Amino acid sequence: MKTSGVICEYNPLHNGHLHHLKTVRENGADAVVAVMSGNFMQRGDVAIMEKLVRANLAIKAGADLVIELPVIWSLSPADQFAAGGVTILDALQVVDEISFGCECSDIELLKTAAKVCRTCQTEYDDTIRLFTRQGHSYPAVLQDLVTRLAGPDVAAVLSHPNNTLAIAYLNSLSDINSRIKPFAVQRKGAAHDSLYAVSEPAVNVPAAHAYEDTSLFASASYIRRCLDEGTDCHRMVPQASWKEITLAKKKGTFASLRNLESIILYKLRTMEPEEIANIAEVGAQGLANRIYNARAATSLDDLMDRLRTKRYPASRLRRILLHMLIGITKEDIYSLPPYGRILAFNNTGKKVLANSKGIRKIPFANSPSKLSNYSAAAKRCAFLESRATDIYQLACDTIGKAGSDYTKDIRLTENTTE
C-alpha cells in the first residue's frame, strides 16, 4: 500500500486542497496521511474553525488519517514547522512520500535550492545575522546569498512562499535521513496569500470524495478575508466546508484573533523584559525591549504598528504574541514532536495505523492523557496543547468551555460529504 503524507492547515479546506489531494491519488497513493495544524496557524493566527472539525473535513475530502501538528510546531517559522510535520510522518515508518503544493514542481531544482539554503544557514550564518541586524529582512538576505552562490535561477525559487516551505520539507527529510520521497504538486489557480479568486475547470473528484462545485480557486487568505467582510465565497470551498463554516458562524464557534485582543494586551502588560526575552522567536534582546516598550498599545492594530519593521515581519510578531499567551519558550521551539495525536481517521487510516504498529519511532494515540505519560517532553507538549486549546475557546465568537482537549471524542469518519 503506497502511503503519501501531506502537512497542512486547511484553514479552511478549499478547492485548491481538493486539487492537491486528487493529484496525490492520481500519482498512485492508496492512503493519505495528513499532519494538520491544531488550533493555531503558522502565520500567527487562530484557525477559523477548531481542529476536530477541520480534521473531519480533511477525511471527507480524501485524507485517510489526520494527525495533529502540536502548537509548538504549528506556531513556528517554516523550518520548525516543516521539521515537526516531517518528524511525525517519518515516525510512522510506513509513509512512502511527502506531497506538497508549490509554485515550482521541478524537484531537482527544489533540491538544489534546499542544499544551497542549508549551506547559507550553516556556513554563512554570521553574514545573515550581520545583515539582519542592520535592518534587512531575513528572506531578502537569504535570497541575495543564494544568488551569489548558485545563480539567479536557483534564487528565483525563493520568491514564492510555498517553494520556501517545500525547501524546508526537503531539508527536514535530509536532516533525519528519512526514506520518504518528495512529490511536488503544481499549485492551481490563485497564488499563496493572493487576494483574488481564479476560475478554473471543475475538478473531477472521485465519487467517494465528491463535492459539487470546485470551479473557483482562491487562497485561504482571500477566503478568510471574504468571510471577515461578509462576502459570499461559497464557490471557493467544497460544499462540506461551507456547511461547517455556516454552522460555526451560527453556533458562535467561529474564531478570530480579534477576540483575543484584550488578553494579548493584558499578557504584555504583566510581563517583564527578562520574561519576554525567554519567549520563542524573540531572539535578540533588542526585540524583547521593543515588545516591552509597546505595552502602552491600546489595540492589536496599535500594538502591531508599534512593533512592525522590515526586520520583524508581521507573521513573526503575531506568533511571538501568541507564544507569550500560551507560554511557548525558546527551549520548546527547538525540540521535536514527542508523539502523534490522532484527530480523525477512516477504515484506510486504521490500516495505516495497523501497518505501523511495532515499528513507530514515537507513540501515536488519540488520547492526550495517555500520550502525556510517555515522557517529560510529551507531558510538556500535551500541557501546552491543552492550554492553547483553552485559549482558543476564548477566540471564538461565543466563549467555549475549558478542558475540551481532554473531553471531545475521536470517531471513525467516512469519506462522504454527508
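This note sets out numbered points on a predicted model, for a reader who is meeting the structure for the first time.

1. Confidence. Because the model is predicted, its confidence values come first. Mean pLDDT for the protein is 90, and 91% of its residues reach 70 or more. Residues 199-214 call for caution, as pLDDT stays under 50 there. The model still has 36 contacts for this stretch beyond four places in sequence. Where pLDDT is low, the predicted coordinates should not be read in detail.

2. Salt bridges overall. The whole structure contains 21 salt bridges according to the search.

3. E97 and K2. These two residues form a salt bridge whose closest N and O atoms are 3.5 Å apart. E97 belongs to strand β6 (residues 97-102), whereas K2 lies in the segment before β1 (3-8), so the bridge ties together parts that are 95 residues apart in sequence. E97 is buried at a relative accessible area of 5%. K2 is partly exposed, its relative accessible area being 25%.

4. K51 and E385. Here too a salt bridge is present, with 3.5 Å between the closest N and O atoms. The pair links distant parts of the chain, 334 residues apart: K51 is in helix α2 (residues 51-61) and E385 in helix α20 (residues 376-395). K51 is buried, with a relative accessible area of 2%, and E385 also counts as buried, at 3% relative accessibility.

5. D90 and K361. The side chains of this pair meet in a salt bridge of 2.6 Å, N to O. Distant parts of the chain are again linked, 271 residues apart, with D90 in helix α4 (residues 78-92) and K361 in the loop between α18 (347-356) and β11 (364-365). D90 counts as buried at 5% relative accessibility, while K361 counts as exposed at 52%. The value for K361 may be read against the cut-off for exposed residues, which is over 50%.

6. A network. Salt bridges link K51, E68, R341, E385 and D405 in a network.

7. The largest cavity. The count comes to two cavities of 30 Å³ or more. The largest cavity holds about 70 Å³ of space. By class, the lining has five charged, four polar and two nonpolar residues.

8. The second largest pocket. About 670 Å³ of space lies in this pocket. It is lined by 21 residues, and R43, D45, D228, L257 and R258 are the closest to its centre. Two or more lining residues come from each of β4 (45-46), α10 (220-229) and α15. The largest share, five residues, is given by α10. The lining has 10 charged, nine nonpolar and two polar residues.

9. K310. This residue is found in the loop between α15 (300-307) and α16 (314-326). K310 counts as exposed, at 63% relative accessibility. Leaving aside residues up to four places away in sequence, K310 touches G135 and S137. From K310 to E68 the separation is 242 residues in sequence and 32 Å in space, C-alpha to C-alpha.

10. Backbone features. Most residues other than glycine have a negative phi, and most peptide bonds are trans. N11 and P12 are joined by a cis peptide bond, with omega about 0°, and P12 has its place in the loop between β1 and α1 (15-26). Q93 has a positive phi, near 65°. Q93 is found in the loop between α4 and β6 and is partly exposed, with a relative accessible area of 28%. N177 has a positive phi as well, near 55°. The loop between α9 (161-175) and β7 (181-186) holds N177, which is exposed at a relative accessible area of 70%.

Methods
Residues numbered from 1 in each chain as written. Predicted model: local features only at pLDDT ≥ 70, side-chain atom pairs only at ≥ 80, totals over all residues. Heavy atoms only, no water. Salt bridge = Lys/Arg side-chain N within 4 Å of Asp/Glu carboxyl O. Helix = DSSP H or I, 4+ residues; strand = E, 2+ residues; numbered from the N terminus. Buried < 20%, exposed > 50% of the residue type's maximum accessible area, 1.4 Å probe, protein only. Contact = heavy atoms within 4.5 Å. pLDDT = per-residue confidence, 0-100. 1 Å grid on protein atoms, 1.4 Å probe; cavity = no way out; pocket = protein on both sides within 12 Å on 5 of 7 lines; lining within 4 Å. Points joined across faces, edges and corners; volume = space filled by probe spheres on them. Nonpolar A, V, L, I, M, F, W, Y, C, P; charged D, E, K, R; others polar.
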